[in-house]
Amino acid sequence: MVTLDTTSQMGSRKARHYAFPQGHSSGKDTMNASHGTSGTAVQPTADKVTLIDGYVPVIDLSSAWTGGPEGRRAVGRALGEVCEHSGFLAVAGHGVSETVIAEMYRATQEFFALPLSEKKRLLADPDDPLMRGFGRPGSLAASNADASLDRERALPDISETYTINKLGEPASPGLPSDADPHLKLPNKWPELPRFAEAYRAYYAAMENLAREIMRLFALALDLPESWFDDKIDEHMTNMTANYYPAQPDPPEPGRARKGHHSDWGCLTILYQDGAPGGLQVLDKAERWVEVPAIASTFVINIGDLMARWTNDRWVSTVHRVVNPPRAVAMCERYSVPFFYQPNYGAVIECIPTCTDPGNPPKYGPITSGAYIMDKFRRAYGN
Ligand SMILES: O=C(O)CCC(=O)C(=O)O
Ligand SMILES: [Fe+2]
């Protein structure tokens, strides 16, 4: 699948990226198809929801689609347990077309391969609270509640980003009249063949998956299955492609591909390729645990807003993206998170089943829109 020649690349200082294995574009959806992912492929079995156990387990969603109410409850239970423990998992059986994923990945590689001057033509409007287009340098670690802004901003993440949001689409969700009009700035599309098409198709697939996962989350929280529906039907989700360039020279001490942080929104659905210098999560013993890229799965994690919504019953776990070891420093990496963010006006306040007399609500109400805009200001200074 993925082969790495670590002996000669430092000499050539030539960036390496992960090619699709032969036959990938057949359009067939199989559990073993792969597009730059590595690690063990997982095989769903009819009678198991948890395919691989651990701090970041692999959960098979198939029973939620095919197993009737009992299947949905079983998957909901499994998701709920993980969300209380690590808040990080990989999902198989998600139903997203391999072709849609492969097209998004191809488009992503093509975009970041453009000359910097071309990418800068799509630079995010400084007034855009959601930083759509080619992102400014920034530091995710600066968004942490306890961060020293000056220190973190002096050590920006070693990545490039490109972001779209549904609010920037022609038929975009409504906003209250007092909302910042810049939220409606249009998405910035590169003039690359089939790029916008690939991104829109992938975004739509993520919207479907996220909505379904929210329904399973409702079951996990002993809520009616449709409880979240009217809070996410006009969601304002940023989909961000991350490009982590090769590192011919050792990075400045203290700088990482992405500094440690927790995600801000409700849940993140992450596509990651299997290149070295990847994702790690902090476990309960404060050890960094690698999150391998497993073929045909997505990583899912809970964000701060969901932790707040559940009165901290569910956890938003700290993670980071490390620099590659020097022996493979010429390996580029790509990842594409879909940061699911409820409707602008959705009021996030303690979910009724997450409190009782001995466990009062810890946080006051806040709207989804105000919350996310504040996080952006911290990380990118807008
Ligand atoms: O690149 C990754 O695997 C994760 C990136 C990430 O954590 C983020 O963009 O919030
Ligand atoms: Fe993250």
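## Ligand 1 and its shell

Around ligand 1 stand Leu 140, Asn 242, Lys 258, Asp 263, Leu 270, Gln 272, Leu 279, His 319, Val 321, Ser 335 and Pro 337, a residue being near the molecule if its C-beta atom, placed from the backbone, lies within 6 Å of it. This is a predicted model, in which local features need pLDDT of at least 70 and side-chain atom pairs count only at pLDDT 80 or more, whereas totals for chains, interfaces and linings use all residues. Residues are numbered from 1 along each chain as its sequence is written, while chains are lettered from A and ligands numbered from 1 in the order in which they are written.

The shell of ligand 1 comprises five nonpolar, four polar and two charged residues, where Ala, Val, Leu, Ile, Met, Phe, Trp, Tyr, Cys and Pro count as nonpolar, Asp, Glu, Lys and Arg as charged, and the others, Gly among them, as polar. At least two shell residues come from each of β8 (267-272), β12 (319-321) and β13 (333-340).

## Overall make-up

The protein contains ten helices and 15 strands, taken as DSSP runs (H or I of at least four residues for helices, E of at least two for strands) and numbered from the N terminus. Of its 382 residues, 45% are buried, that is, with 20 or more other C-beta atoms within 10 Å of their own, against 12 or fewer for exposed residues and partly exposed in between, with C-beta atoms placed from the backbone.

## The sheet and strand β13

Nine strands form an open sheet with mixed pairing, in the order β1-β2-β3-β11-β8-β13-β6-β5-β4, two strands being paired if DSSP finds at least two bridges between them. At the edges stand β1 (50-52) and β4 (133-134), each with a single partner strand, so one side of each has no neighbour in the sheet.

Strand β13 is mostly covered, with eight of its eight residues buried; Arg 333, Ser 335, Pro 337 and Phe 339 point one way from the strand, and Tyr 334, Val 336, Phe 338 and Tyr 340 point the other way. β13 runs antiparallel to β8, to which six bridges join it, and Gln 272 has Ser 335 of β13 as its bridge partner; both Gln 272 and Ser 335 belong to the surroundings of ligand 1.

## Strand β3

Because five of the five residues of β3 are buried, this strand is largely enclosed by the rest of the structure. Phe 88, Ala 90 and Ala 92 point one way from β3, and Leu 89 and Val 91 the other way. β3 pairs with β2 in the parallel sense over three bridges and with β11 in the antiparallel sense over four; Ala 90 stands opposite Val 299 in β11, and Val 58 stands opposite Ala 90.

## Helices α3 and α7

Helix α3 (residues 68-85) lies across β1, β2 (58-60), β3 (88-92) and β11 (298-302), at about 160° to β2, with axes fitted to C-alpha atoms (for helices over the stretch in contact) and angles running from 0 to 180 degrees between N-to-C directions. Helix α7 (residues 195-220) also packs on the sheet, touching β5 (160-165), β6, β8, β11 and β13, and its direction makes about 135° with that of β8.

The axes of α3 and α7 come within 8 Å and cross at roughly 80°, which makes the two helices roughly perpendicular, a term for angles of 65 to 115 degrees, with those under 35 counted as roughly parallel, over 145 as roughly antiparallel and the rest as oblique. Their contact, in which C-beta atoms placed from the backbone lie within 7 Å, involves residues of α3 including Arg 72, Arg 73 and Val 75, and residues of α7 including Leu 216 and Phe 217. By class, this contact has seven nonpolar, two polar and three charged residues.

How values were computed. Contact = placed C-beta atoms within 7 Å.
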